[in-house]
Amino acid sequence: MANVSDRPDAGIPPAEVPDLPLPHPHTWWGRYVFSQDAKYIAIQYSGTAIAIGLVGLVLSWLMRLQLGFPGIFDFITPEAYYQFITMHGMIMVIYLLTAIFLGGFGNYLIPLMVGARDMVFPFVNMLSYWIYLLAVLVLVASFFVPGGPTGAGWTLYPPQAILSGTPGGQGAGIILMLVSLILFIIGFTMGGLNYVVTVLQARTRGMTLMRMPLTVWGIFTATVMALLAFPALFVACVMMLFDRLLGTSFFMPALVELGETLSYGGGSPIVFQHLFWFFGHPEVYIVALPAFGIVSDLISVHARKNIFGYRMMVWAIVIIGALSFIVWAHHMYVSGMHPYFGFFFATTTLIIAVPTAIKVYNWVLTLWKGDIHLTLPMLFAIAFIVTFANGGLTGLFLGNVVVDVPLSDTMFVVAHFHMVMGVAPILVIFGAIYHWYPKMTGRMLNEAMGQIHFWVTFIGAYAIFFPMHYVGLVGVPRRYPEIDASFITTPVAGLNAFISVAALVVGAAQVLFLFNLLWSLRAGRAAGPNPWRACSLEWQTPDTPPVHGNWGKDLPVVYRWAYDYSVPGAPEDFIAQNDPGPRIEKDVPL
Amino acid sequence: MADARVRHGPQGGRPEGLEGFVSDWGSDQRTFKKVSWGKAMMWIFLLSDTFVFSIFLVSYMSARSSTVDAWPNASEVFALHIGGADLPLILIAIMTFVLISSSGTMAMAVNCAYRKQRRNTALLMIATAALGATFVGMQAFEWSKLISEGVRPWGNPWGAAQFGASFFMITGFHGTHVSIGVIFLLIVAARVWKGDFDSGRRSWLCREKGDYEAVEIMGLYWHFVDLVWVFIFAFFYLW
C-alpha cells in the first residue's frame, strides 16, 4: 500500500498544459455543417460512410443476382459485373470500413475516452471530413461518366487497369478512381495526425497510456499504421495516373493490344503489386485493430469483468501492427516471385497468428465465469469472436504457399477475406453502434428490431460464406461474371442460388437497422448518462449527449484503468475511471 | 498490491530499468514532455511524408535496376554549356547550394523567433522564401532545358523511358513541396510581421491563436524538404 495516501489525487501529477479555449461557433452553419467539434465530425463521417456503404451493398446484391441466377438479368453484362466487383470492394474496404472506424469511432471516442475537450486541431479535423466527402463524391461521379466506373478489380492491377479491354480503362473511370483515392489519403492524413497527437499529447491528468481503454489503443495503432501504409497507395496511384495520362511506363510492359503495339514498354506490373499490398495488408489490420479494441471493451462491459490480460492485449495490438508491415507478399504467391520470398512471407504470416491467438484466448477468458449479459452489443461481440476465429483458420490455409497456390483466385479466397475482414469488423461496427448510440443520442436503440437485425445478419452471413468456402474448394474461380450450369455441377449451382438468396435477405436486414437508427432517435427509450454502467470516461460526461468541450468546467481526473468491474468490496459492480473511490490499486505500469 | 510495491522500487518512486522507460513513455497527459501539439503533429506528418518520398525513390530504383535499356548518363544530361566548356551538374550544384543556404536562413529565423525579434524573424523568413523560390525557378529552367532537348515522361533520346518519367515525377513532387513551403513561409512571415504572435491575434481562417513556435514548426518542414533533396541529389544525379 506504499503508494496510497488519503488525498484522492495524490500521485496524480498537476496539469501540464493549461486548458485551451475552444472556438465556439455562433452560426447554424458553423455548429452543424462546418462543425469543428469532433463528435459532429464523427457523425458526418459515419453518415457519409454508411451512405456510400449502401451503394456497396446494392452492388453486392447485383453481383449475387448474376452469380446465383446466370442469364436472367440481361442488364448485368460482363463489363457491368466487373464494375460492380471493383466498386463494391473499394467502397467497402476504404470508404466504409476505414472511414467509419477511424473517422467515425476515432473522432467520437478518442477525445471522450482520453479525457480531452476535442481533437488537438479541430480545424484540420474538419478539413479531413470535407476532403473525405470530396473523395466520395469523385468516386460516385465515376458512375456517371461515359464508360462508367473502372472494372479493374478492387486491386486495380496494371496493365489491365488502364487498357481499353477493361471497363473504364480508357475512359474516365480509372482516373476518377485514382484521384478519389489520392484525395482520400490526403483527407485521412489530416484526421489521422489529429488522432495520433490527441492520444499521445492531450490526455487528461492520470490517464497514462496503460490506463487507456483498448478501443483507443486499437484506433491509435491502426492510425499510426495507416499513416505509414497509405503513402504506398498514394505513390502507386500517382504513378498509375501518370501511366494513364502522360504515357509513362512505370507499371506498363511492352504490350500488343488487338494486334496493335502500344507505346508502353519497360515497366513492371509487379512493382505495383508490391506497392499495393504494402498498403493493402496493413489495411486489413487498420480495419481489424479498431475492431479488436472495441470488442475487448464490449466484452468487458457486458460480462461485468475486467478484460483478461490487459497488458498482453496492448502488446498484441502493437505487435500485430508491426508484423503486418512484413507480410504483404503473401498476396502475391502466384505472381511468379522467388520461392524463398514465399518462404519468408509465409513464415511471417503464420507468426502473426500468435499475437492474434493471444487476443482470442483473452476474449474467451474474459467471458469465462463472467456475468454475461446477452445484450445486443454482447451478441455482436460474441458473433465477432466466432467469425474472426473462423476467418482466421482459413487464413492459415491461404498463408501457406503450397495450399494457397491451388486455392488462389477461387471463391475460397473470397469467402476467407469476407469472413475475416468483411463480416467480422462489420459485426463489431454494429455492436459498437448499439453500445454507444445511447451516448451519442441519449436514447436506446429498439431491442426487438435489434434482435431481428442481429440474428438475420449473423446466421445470414454464415449462410452466405460457409457454402462459399465449399464452392471455392471445388474450384469455382472468383471474378467470373457468368458461372452457368454447363461449367459447374448442379449442386454447386444450387449453392450459388442459395448464397444469393441469403445475401438478399441479409442486405434487407440492414435496412431494418437503418430504420432503427432513425426511429430510435425520437421514439427510443431514454438512456440516461450510463445505461451499461461502464467504467470508461465517455460515460462519465456531465451531459448526454456530450456538448462541445465534453467536460463542463473541469477536465476529469483519472484514478484507475477502464476495467474495474465487479471489484470485491466496492459498493457498485463498477468503479468509474474518474472515481477516486475505495483505495484499490489496479494500475498497470508496463 | 505486493506486486505494485515491487515494481515501484524501494521509495515507492518510479520503476527502474526498462519498466521505468516504458512508464515514462506511458505517463499521463503527454508522451513527449514539453513538446507542443503542433510540433508533435509536424513530426508525425514528416514521418508519414518520409514514407512517401522513400517509396518514390525505391520505385525509381527498381525501375532503373530492372530496365533493359541504357540509363542516360547523369553527368552529361545535367551538364550546362558555359563559356565553351561542358560543366557537369553545375546547375544542380548551384540549386543544392541555394537550398542548403535557405536552411541556414531558416535556422537563423527560428533563432530570432525564440528571442521574439519580430522584424528579424520576418525578414529572415522572407529571405528563406526567396531562396526557395529561386530554387523552384532554377528547377523550372532545368525542366525546360531538358524538355527542349527532347526529354518527355514517355521517352528521351538517350535511353530508358523511365528516366524522364522518374525525373519529372520525383523532382516535380519535391518541387511541389518546396512551393507549398514558400507559400506557408510567406503566410507565417506575414503573421510575424503584423505582430500576431505578440498580440495573440487569431488567424482569419482557422482561428488559431499561434505563437512564435509556428516559425520553428515551419522550420521543421523546411529542413525536411531540404534533407529530402539531398537524397534525391544522391540517388538521381550522382548515381
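**Chain B and its hairpin, with chain A for context**

Analyst: In this predicted model, chain B is divided into domain 1, residues 1-34, and domain 2, residues 36-238. Taken over C-alpha atoms, the centres of domain 1 of chain B and domain 2 of chain B are separated by 42 Å. An unreviewed UniProt entry annotates residues 42-239 of chain B as "domain: Heme-copper oxidase subunit III family profile", and over those residues the chain is 75% helix and 4% strand, with the end C-alpha atoms 31 Å apart. The annotation "transmembrane region", also from an unreviewed UniProt entry, covers residues 40-58, 78-100, 121-141, 161-193 and 214-238 of chain B.

Two of these annotated stretches can be set side by side. Residues 121-141 of chain B are 100% helix and 0% strand, and their end C-alpha atoms lie 30 Å apart. Residues 78-100 of chain B, by contrast, are 48% helix and 35% strand, with a distance of 20 Å between the end C-alpha atoms.

The strand content of chain B can be followed residue by residue. Strand β1 of chain B, residues 79-82, pairs with strand β2 of chain B, residues 85-88, in the antiparallel sense and over 4 bridges. Within this pairing B:Ala79 stands opposite B:Pro88 in β2(B), while B:His81 has B:Asp86 of β2(B) as its bridge partner. In a regular strand the side chains alternate between the two faces of the sheet. The hairpin of β1(B) and β2(B) has 2 residues between the strands, and in this hairpin B:Gly83 adopts a positive phi near 55°.

Turning to chain A for the comparison, the annotation "domain: Cytochrome oxidase subunit I profile", again from an unreviewed UniProt entry, covers residues 29-559 of chain A. Over that range the chain is 67% helix and 1% strand, and the end C-alpha atoms are 39 Å apart.

The crossing in which α10(A) passes α12(A) is left-handed, and the residues of the contact of α10(A) with α12(A) divide into 17 nonpolar, 9 polar and no charged. The other partner is helix α7 of chain A, residues 269-302, which packs with α12(A) at an angle of about 40°, the axes being 9 Å apart, and this makes α7(A) oblique to α12(A). The crossing of α7(A) past α12(A) is likewise left-handed.

A:Leu156 is in the loop between α4 and α5 of chain A, and its phi is near 55°, a positive value in a residue other than glycine. The loop between α4 (122-141) and α5 (173-201) of chain A is also the place of A:Pro159, which is joined to A:Pro158 by a cis peptide bond with omega about 0°. A further cis peptide bond joins A:Thr544 and A:Pro545, with omega about -5°, and A:Pro545 is found in the segment after α14 (490-523) of chain A.

Notes:
Residues are numbered from 1 along each chain as its sequence is written. Chains are lettered from A and ligands numbered from 1 in the order in which they are written. This is a predicted model: local features need pLDDT of at least 70, side-chain atom pairs count only at pLDDT 80 or more; totals for chains, interfaces and linings use all residues. Domain bounds come from an automatic or database domain assignment. UniProt positions are given in the numbering used here, feature names are shortened, and annotations may be inferred rather than shown by experiment. Two strands pair if DSSP finds at least two bridges between them. A crossing is left-handed if the near helix is turned anticlockwise from the far one by less than a right angle, and right-handed if clockwise. Ala, Val, Leu, Ile, Met, Phe, Trp, Tyr, Cys and Pro count as nonpolar, Asp, Glu, Lys and Arg as charged, and the others, Gly among them, as polar. Axes are lines fitted to C-alpha atoms, for helices over the stretch in contact, and angles run from 0 to 180 degrees between N-to-C directions. Angles under 35 degrees count as roughly parallel, over 145 as roughly antiparallel, 65 to 115 as roughly perpendicular and the rest as oblique.
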